[in-house]
Amino acid sequence: MKRERVNSMARKFAYAAACWALLVAQSIAGTAQQPGNPVISVAPPLRIGAGDLIEVTMFENPDLSGRFRVDERGDITVPLIGSLHVAGDTAEEAAAEIEKRFIEAQILQPAESHATVFIAEYANQGITVGGEVKTPGVFPALGVRMLNDVITAAGGVTVAAAPKVVIIHKSDPGNPITVDYVPEALKPVVPSLQIFPGDTVTVPRAGIVYIVGNVTRPGGYVLDGRNLLTVEEAMALSGGTGHAAELKHAQLVRTLEDGRKESITIPINLIYKGRAPDVALKDGDILYVPTSTAKLVTEQVITSAVSVGSSIAVYRTSVNQ
């Protein structure tokens with residue numbers, strides 16, 4: 001009887017353990033499949049090219065180590081083994097060939113021939129940084145360069161930058177990678193992502209809506225690409241209206257897909273009272289709040305005023321998210 005009780009308890013314990021293991025496995029699988037956590041692919045290793053500077057280290061044989069510039073034929077000249085073609089090889093492949101040549105020449109025994117190759121300088125494979133950065137251009141790829149390094153080298157992002165970066169690896173141009181990048185937020189988002197020689201980094205422009213006329217803080221307001229900005233929210237960002245603002249006949253100038261512009265009357269006073277639907281603003285929209293004593297200007301005048309970038313301040317709307 002006692003043995004049966006023990007066996008019964010053992011079966012219950014085993015069943016409970018199996019259930020617990022199943023729950024844990026399901027929990028892990030669910031976490032791994034949650035959306036919003038994109039897996040960033042790793043670029044394939046780069047290959048040596050003409051003009052590159054490579055550093056060869058032979059362990060326990062410093063006299064055979066050195067730094068070698070790849071000539072126009074793609075060759076380097078290594079002491080004792082002579083010319084070696086390395087263009088097109090990865091660093092690991094070049095190291096393996098160097099080990100092999102030292103062994104074949106009977107200079108080193110297999111147990112003593114251990115080489116490492118480091119590409120110290122990429123001669124013709126700079127990193128291109130463009131888009132909404134302060135000084136776009138091509139930057140040298142010396143050593144390990146991380147995403148934040150190359151954007152900082154380009155002067156950082158402009159106020160009109162979207163909160164993301166598009167990266168195109170030279171080794172995989174058909175599969176661009178998009179990552180969040182918000183370095184100025186209270187909780188900065190700066191991915192630890194390596195950028196390789198020949199890669200292209202582009203900071204897209206965020207959407208901007210313009211609020212002009214009789215408001216406290218006229219200017220352009222950046223859409224961060226995640227939040228919807230409505231007329232009421234835009235008015236709050238602009239600090240509200242000035243004296244004698246005409247809220248009944250605010251004008252929304254919107255550019256259509258064919259390039260034409262349309263002007264829509266927006267009753268901001270009724271939106272405030274909840275008697276008219278709030279209107280979502282799109283990239284490039286111009287919201288003009290007139291003064292009651294002034295004649296409404298035409299959409300051409302509004303567009304001309306906003307096109308003068310030096311006279312229009314641009315503000316970010318939600319960098320602290």
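**View 1. Strands β6 and β7 side by side.** Strand β6, residues 127-131, pairs with β7 in the antiparallel sense over three bridges. Pairing here calls for at least two DSSP bridges between two strands, and the elements are DSSP runs numbered from the N terminus: helices are H or I with at least four residues, strands are E with at least two. Look for Thr128, which stands opposite Val138 in β7. Keep in mind that this is a predicted model, where local features need pLDDT of at least 70, side-chain atom pairs count only at pLDDT 80 or more, and totals for chains, interfaces and linings use all residues. Residue numbers start from 1 along each chain as its sequence is written, and side-chain values use heavy atoms, with hydrogens and water left out.

**View 2. The five-stranded open sheet.** Stepping back from that pair, the strand order is β7-β6-β12-β9-β10, with mixed pairing. At the edges sit β7 (137-139) and β10 (177-180), each pairing on one side only. On average, neighbouring strands of this sheet are turned by 25 degrees against each other, direction ignored; the axes are lines fitted to C-alpha atoms, for helices over the stretch in contact, and angles run from 0 to 180 degrees between N-to-C directions. As a reminder, strands of a sheet pair through backbone hydrogen bonds, either parallel or antiparallel.

**View 3. The largest nonpolar core.** A nonpolar core is a set of buried Ala, Val, Leu, Ile, Met, Phe, Trp, Tyr and Cys residues joined through side-chain atoms within 4.5 Å. Buried means under 20% relative accessible area, exposed means over 50%, and partly exposed is in between (1.4 Å probe, protein chains only). This core has 24 residues, and Ile54, Met58, Ile76, Ile98, Phe102 and Val117 touch the most other members. Two or more residues each come from β1 (53-58), β3 (75-78), α2 (91-104) and β5 (115-121). Helix α2 gives the largest share, five residues. Apart from this core lies another one of 20 residues, including Ile127, Phe139, Val150 and Val165.

**View 4. Around Ile76.** Contact means heavy atoms within 4.5 Å. Leaving aside neighbours within four places in sequence, Ile76 is in contact with Ile54, Phe68, Arg69, Val70, Gly82, Ser83, Leu84 and Val86.

**View 5. Two loop residues with positive phi.** Most residues other than glycine have a negative phi, but Leu80 has a phi near 80 degrees. Leu80 sits in the loop between β3 and β4 (82-85) and is exposed, at 61% relative accessible area. Gln106, in the loop between α2 and β5, has a phi near 60 degrees. Gln106 is exposed too, with a relative accessible area of 70%.

View 6. The structure holds eight salt bridges, each a side-chain nitrogen of Lys or Arg within 4 Å of a carboxyl oxygen of Asp or Glu. In one of them, the side chains of Glu93 and Arg47 meet at 3.0 Å, N to O. That pair links distant parts of the chain, 46 residues apart: Glu93 is in helix α2, and Arg47 is in the loop between α1 (2-32) and β1. Glu93 is partly exposed at 38%, and Arg47 is partly exposed at 42%. Elsewhere, Arg73 bridges to Asp71 at 3.1 Å and to Glu72 at 3.7 Å. Asp71 is partly exposed at 21%, while Arg73 is exposed at 54%. Shared partners join Asp71, Glu72, Arg73 and Asp75 into one salt-bridge network.
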